[in-house]
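The stops below are meant to be selected in order.

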Amino acid sequence: MIDLQDKDYCPAMEEIGEYVANPVFLQFCLEIKDIYKCREKIEYSSCSWEKGWNLKFKKAGKTLCTIYPREGYFTVLIVVGRKEKMPVEEILPECNVELQSIYHQTPEGNGQRWLMLDVEDQADMYNDILRLIHIRRKN
């Protein structure tokens, strides 16, 4: 088993997939790659808030999302900035209740909300996250 805190060993995508041990993780990554024609970048974060290896998906210099691997699931970070705020708030009532709650409980700082969204399956949260990434890409 890989150690996501080991700064000296950069895990491969397959190893991260084995660590997460949830087929939804690789499915989600493939979907992002297919839709946006981008590749993941595996990076080490020294941030005390979320230290360890993560995956970033970028398109045209903009981070679409950052994925934090967990055992059995993964967390997707999506930044809702000034440009995305209005379109996100327009679709928010259609999103699942958990996402709505996270959005409203996440404080806004410098015109941004950093949403940390857990994904375990391909239910509503999965699809809502794809909608948020689409908004992020367009704006």
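Predicted model: local features only at pLDDT ≥ 70, side-chain atom pairs only at ≥ 80, totals over all residues.

Start with the strands. Select β1 to β5: they form an open sheet in the order β1-β2-β3-β4-β5, paired antiparallel. The edges are β1 (40-45) and β5 (113-119), each of which pairs on one side only. On average, and ignoring direction, neighbouring strands here are turned by 30° against each other.

Next, select β4 (residues 74-80) together with β5. The two run antiparallel and are joined by 7 bridges. For one of the pairs, show V80, whose bridge partner in β5 is R113.

Helix α5 (residues 124-138) lies across β2 (52-59), β3 (62-69), β4 and β5, and runs at about 145° to β5. Helix α4 (residues 97-105) lies across β4 and β5, at about 150° to β5.

Stay on α4 and show its side chains. Which residues of α4 are buried? They are L99, I102 and Y103. Viewed down the axis of α4, these buried residues fall within an arc of 100°, so they line one face of the helix. Their packing partners are β4, α3 (82-91), β5 and α5. Turn to the other side of α4 to find V97, H104 and Q105, which are exposed.

Finish at the N-terminal end of α4. Select N96, which caps this end: a side-chain oxygen of N96 lies 2.8 Å from the backbone nitrogen of E98.

Technical notes
Residues numbered from 1 in each chain as written. Heavy atoms only, no water. Pairing = 2+ DSSP bridges. Helix = DSSP H or I, 4+ residues; strand = E, 2+ residues; numbered from the N terminus. Axes fitted to C-alpha atoms, helices over the stretch in contact; angles between N-to-C directions. Contact = heavy atoms within 4.5 Å. Buried < 20%, exposed > 50% of the residue type's maximum accessible area, 1.4 Å probe, protein only. Arc of directions from axis to C-beta. Polar contact = N/O pair within 3.5 Å; in protein donor to acceptor, adjacent residues only side chain to side chain.
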